[in-house]
Amino acid sequence: MGRIRVLVVDDHRIFAEALAAALAAEPDVEVGAAGSAAAAERALERAGVEGRAFDVILIDADLGADSVAAGARSPVRPSADPLDAARRRPSAVVPAPRRPAAAPGQGAVPQQAPPAAPPYPAATASVYPAGPQYGAAPVPDGITLLARVRRNHPTLRAVVLATADDAHRAARALHAGATGWVAKESSLARLLAVVRGVLRDETHLPPALLTGVIRELTTARRDRTESERLVDTLTPREKQILRCMVAGLGRQAVAERLYLSPHTVRTHMQNVLGKLGVHSTLAAVAVARRAGISPSEPAAPAATPSVATTTAPGAG
C-alpha cells in the first residue's frame with residue numbers, strides 16, 4: 001500500500017492540528033485539516049482536481065454543534081431592515097390621555113381606544129416538524145457532512161470521531177456510509193489501526209456499541225419494510241401524488257404540476273392517507289420518507305421543435 005492521505009475535519013482547531021501532527025509523524029501518512037464542513041468539501045474538490053485525492057476522512061460527529069448551540073442561545077440577529085429594528089427596540093411608555101370631564105347633566109364621554117399597534121410579521125414554521133419520527137432531516141452535524149461527501153466521493157473511506165458512544169448516531173453514521181467509529185479518548189495506535197482497516201474494507205465499531213447498533217439498524221429496517229409495504233399498495237397516480245406531498249406541494253400546486261383538477265387531487269390525497277393508515281399529510285410524508293420515496297421533481301420544459309425551411313427550386 002502506498003501513502004495514505006487523510007483529511008481531519010474538526011472545528012476545534014487545537015484538537016484538529018494536534019491530531020494532524022500526530023498522524024503526519026507516521027512515515028506513510030499525509031494529512032490535511034479542515035475546520036468546517038465547507039472547508040472540508042473545498043479541500044476534497046481541490047485534491048481531486050490535483051490528482052491527489054484523500055483516501056480517508058476523519059469527521060467530528062459534533063461538527064458545527066457549538067455554532068448551532070450559540071444560535072439557539074441568541075435567536076435574535078441584527079437586522080438590516082430599519083422597520084424591523086424599530087419593532088424590536090423597547091417602546092417608550094406613553095401616558096394615557098386624560099379623559100375629558102363630562103358636562104353637568106351629561107353622561108361620561110366614551111374614551112376612544114388607542115390605535116392598534118402594527119402586527120409583527122408572522123413567523124414561518126417549517127413544513128415538517130423536526131425529529132426522526134417524522135422522517136425529517138436531523139440537525140446538521142458531522143454525520144450530515146459524511147453522507148454528502150460519501151455521495152460526491154464514493155471511494156473515500158469515512159471514520160467518525162466521537163466524544164461519546166451513541167448507538168443511534170453510530171447507526172446513522174453507518175447508514176450514511178461510515179466504516180468506522182472511534183472515541184476521541186482512544187489512543188493514536190487505535191485510530192491508526194482503524195484507518196488502515198477501513199482501507200481494507202473493514203468496518204470498525206467499539207464492542208460496547210455493537211449490540212446497540214445492530215438493534216438500531218434492525219428497527220430501522222423493520223420500519224422501512226412496513227413503510228415500503230404500505231406505499232406498494234398505492235396506484236402509480238397515487239404514488240405521484242405522494243411524491244408531490246413529500247416535495248411540500250399543496251393541492252393547487254400538485255394540480256398544476258400533474259395537469260389535474262384540484263378536486264381530483266383532493267380525492268387522490270384522501271385515498272393516499274387512507275391506504276397508508278394515517279390522518280394527516282405530515283404523517284403520510286413520514287411514511288414516504290421511511291420508505292425511501294424521493295420528492296417529485298418539476299417537469300422539464302418541453303423542447304421547442306425546430307422548423308426546417310425549404311427553398312423552392314429556382315428561388316434566390
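Q: What is a salt bridge, as the term applies to arginine 148 and glutamate 41?
A: A salt bridge is a side-chain nitrogen of Lys or Arg within 4 Å of a carboxyl oxygen of Asp or Glu. The general idea is that side chains of opposite charge can pair when their charged atoms come close. In this structure, which is a predicted model, arginine 148 and glutamate 41 form such a bridge, and their closest N and O atoms are 2.9 Å apart. Arginine 148 belongs to helix H5 (residues 142-152) and glutamate 41 to helix H2 (residues 37-49), so the pair links distant parts of the chain, 107 residues apart.

Q: Are arginine 148 and glutamate 41 buried, exposed or partly exposed?
A: Arginine 148 is partly exposed, with a relative accessible area of 27%. Glutamate 41 is also counted as partly exposed, at 25% relative accessibility.

Q: How many salt bridges does the count give?
A: The count comes to 17 salt bridges. One of them joins arginine 3 to glutamate 30, with the closest N and O atoms 2.9 Å apart. Arginine 3 lies in the segment before strand S1 (4-9) and glutamate 30 lies in strand S2 (residues 29-34), so this pair ties together parts that are 27 residues apart in sequence.

Q: Which other residue forms a salt bridge with glutamate 30?
A: Glutamate 30 forms a salt bridge with arginine 5, where the closest N and O atoms are 3.2 Å apart. Strand S2 holds glutamate 30 and strand S1 holds arginine 5, so parts that are 25 residues apart in sequence are tied together by this pair.

Q: Where does the charged end of lysine 184 sit?
A: The charged end of lysine 184 sits over the ring of phenylalanine 15, 4.6 Å from its centre.

Q: How many aromatic pairs does a search of the whole structure find?
A: In general, a pair of aromatic rings is described by the distance of the centres and the angle of the planes. Here, a search of the whole structure finds 0 aromatic pairs.

Q: What does the secondary structure of the protein chain comprise, and what share of its residues is buried?
A: The protein chain has 12 helices and 5 strands. Of its 316 residues, 31% are buried. Among contacts with a separation of 6 or more, 70% come from residues 24 or more positions apart. The accessible surface of the chain comes to about 20,000 Å², and carbon and sulfur atoms account for 58% of that surface.

Q: Which residues of helix H7 are buried, and what covers them?
A: In helix H7 (residues 188-198), the buried residues include Leu191, Leu192, Val194, Val195, Gly197 and Val198. Their cover includes S1, helix H1 (13-24), strand S3 (56-60), strand S4 (157-162) and strand S5 (180-183).

Q: How many residues does the largest nonpolar core have, and which have the most contacts inside it?
A: A nonpolar core is read through its members and the elements that supply them. The largest one has 30 residues, and Leu7, Val9, Ile57 and Trp181 have the most contacts inside it. The elements giving two or more residues to this core are S1, H2, S3, H5, S4, helix H6 (167-176) and helix H8 (207-231). H5 gives the most, with 5 residues. Not counting residues up to four places away in sequence, leucine 7 touches Gly32, Ala33, Ala34, Ala40, Ala43, Leu44, Phe54, Val56, Ile57 and Leu58. Apart from this core lies another, of 22 residues, among them Leu230, Leu242, Val278 and Ala284.

Q: Is valine 272 buried or exposed?
A: Valine 272 counts as buried, at 0% relative accessibility. This residue lies in helix H11 (residues 262-276). Beyond its neighbours within four places in sequence, valine 272 is in contact with Leu234, Glu238, Leu242 and Met245. The C-alpha atoms of valine 272 and isoleucine 241 are separated by 8.1 Å, while the two residues are 31 residues apart along the chain.

Note on methods:
Residues are numbered from 1 along each chain as its sequence is written. This is a predicted model: local features need pLDDT of at least 70, side-chain atom pairs count only at pLDDT 80 or more; totals for chains, interfaces and linings use all residues. Side-chain values use heavy atoms; hydrogens and water are left out. Helices (H or I, at least four residues) and strands (E, at least two) are DSSP runs, numbered from the N terminus. Buried means under 20% relative accessible area, exposed over 50%, partly exposed in between (1.4 Å probe, protein chains only). Contact means heavy atoms within 4.5 Å. Accessible areas come from the Shrake-Rupley method with a 1.4 Å probe; for residues, only the protein chains shown count as cover. Rings of Phe, Tyr and Trp (its six-membered ring) pair if their centres lie within 6.5 Å; planes under 30 degrees apart count as stacked, over 60 as edge-to-face and the rest as tilted. A charge sits over a ring if NZ of Lys or CZ of Arg is within 6 Å of the ring centre and within 35 degrees of the ring normal. A nonpolar core is a set of buried Ala, Val, Leu, Ile, Met, Phe, Trp, Tyr and Cys residues joined through side-chain atoms within 4.5 Å.
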